[in-house]
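Keep the sequence and the 3D view side by side as you read.

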Amino acid sequence: MPSPIGYDVAGIVERVGAGVTSLKPGTAVFSRVPENRRGTFQEYIVCSASDLSLKPTKMSFEDAAALPLVSLTALQCFEHAVLNKPEGVDWFKGKTVLILSGLGSVGAAACLLAKNVFGVGKVITTVSTSKVPLVPQMLGEGIVDEIIDYKTQNPTKVLQTKSVDFLLDTVGSAFSFLHIMKPGGVISTVAFIPSTDSMTKVFPHLSFFLYSAIYAVEKLSKLRARRYGVELISELLETNSEKLNLIAQYYLDGKIKAFIAAVVPLSDEERVKEAFTKVNAATGYTGKMVVRISDPSLLTN
């Protein structure tokens, strides 16, 4: 501490730099800001135009603030999984995909993208007992084909050996599932040490010692996965307006949606504290917690 908090943001452009032609004051925008701009829970932030997207009129500011990080993360995981596949994104069509924690923020976005965008044949997900009936309620009928209650069943034992083509790991359990992956399959994890390439893009001044340690862990992990004929990709989110525009279009087309558990005004200190406590404890919320900085009646699209 002090540590700036918040990556997602939705609001109105107040002022632009001399070289900016794509945006003007009064424009409604949204973004997941890069690491060097982290700290969106405040009235004003500075952000590159290349990291911003126009907020559609039919998208509320709350939805716009809840979508970027989780949707971009899920989208990046799918896109990176097929970088080395000759079929490209068509590789996913008809495939079996396992998404851990399907009602977590990234997991929910991934389930929707899997069926509605990438044409996955079978989506399997894991949730706790109390959340099993919420899966079709929140995501819609037909999005998830198989639900595993990880409180009563061990997913690594329930699923058949070599039965899954793609695993999206949001909880840090990727290596427990290697035996259920088909040869040629891909594991994309957002809960492991990111690759050295990703880290140096975000942290260009990474020390040699830390770089070497990350590189060693990365190589050993990939070798472990390769023994099963599986590619392991460790993700670190990169933001750009092109992908944000894509997320906005998916939202307008009804292919993805924002899941908001609570909207808390920054002026209510106790509610903000309570909300952060629940988020940090990973309990009490299904969906995103949105902090409202300004009265929405003061904002125009």
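You are looking at a predicted model, in which local features need pLDDT of at least 70 and side-chain atom pairs count only at pLDDT 80 or more, while totals for chains, interfaces and linings use all residues. Residues are numbered from 1 along each chain as its sequence is written, and side-chain values use heavy atoms, with hydrogens and water left out.

Thr 96 sits in strand β4. Strands (E, at least two residues) and helices (H or I, at least four) are DSSP runs, numbered from the N terminus. Leaving aside neighbours within four places in sequence, Thr 96 is in contact with Lys 122, Ile 124, Ser 163, Val 164, Asp 165 and Phe 166; contact means heavy atoms within 4.5 Å.

Two strands count as paired if DSSP finds at least two bridges between them. Val 97 stands opposite Val 123 in β5. Strand β5 (residues 122-127) has five of its six residues buried, so it is largely enclosed by the rest of the structure.

Step back and you can see the sheet to which these strands belong: an open sheet of six strands, paired in parallel, in the order β6-β5-β4-β7-β8-β9. At its edges stand β6 (146-149) and β9 (231-234), each with a single partner strand, so one side of each has no neighbour in the sheet. On average, neighbouring strands of this sheet are turned by 15° against each other, direction ignored. Axes here are lines fitted to C-alpha atoms, for helices over the stretch in contact, and angles run from 0 to 180 degrees between N-to-C directions. Within the sheet, β7 (residues 164-169) and β8 (residues 181-189) pair in the parallel sense over five bridges, and Phe 166 has Val 186 in β8 as its bridge partner. Helix α2 (residues 68-81) packs on this sheet, touching β7, β8 and β9, and its direction makes about 145° with that of β7.

There is also an open sheet of three strands, with the order β1-β2-β3 and antiparallel pairing. Its edges are β1 (8-12) and β3 (53-54), each with a single partner strand, so one side of each is left without a neighbour in the sheet. Strand β2 (residues 28-32) is joined to β3 by two bridges, and the bridge partner of Val 29 in β3 is Leu 54. Helix α2 packs on this sheet too, touching β1 and β2, with its direction at about 55° to that of β2.

Next, which residues of α8 are buried? They are Leu 244, Ile 247, Ala 248, Tyr 250 and Tyr 251. These residues cover an arc of only 160° around the axis, which puts them on the same side of α8; the arc is that of the directions from the helix axis to the C-beta atoms. They pack against β2, β3, α1 (61-66), α2 and α3 (105-116). Just after α8, Gly 254 takes a positive phi of about 80°.

Helix α7 (residues 208-226) has the buried residues Ile 214, Glu 218, Ser 221 and Ala 225. Seen down the axis of α7, they fall within an arc of 70°, so they line one face of the helix. That buried set packs against α6 (196-202) and β9. The face of α7 turned away from its buried side carries the exposed residues Phe 208, Phe 209, Leu 220 and Arg 226.

Our last stop is Ser 195, in the loop between β8 and α6. Ser 195 is buried, with a relative accessible area of 12%. Not counting residues up to four places away in sequence, Ser 195 touches Ile 214, Glu 218 and Ser 234, two of which, Ile 214 and Glu 218, are among the buried residues of α7.

Terms used:
Buried < 20%, exposed > 50% of the residue type's maximum accessible area, 1.4 Å probe, protein only.
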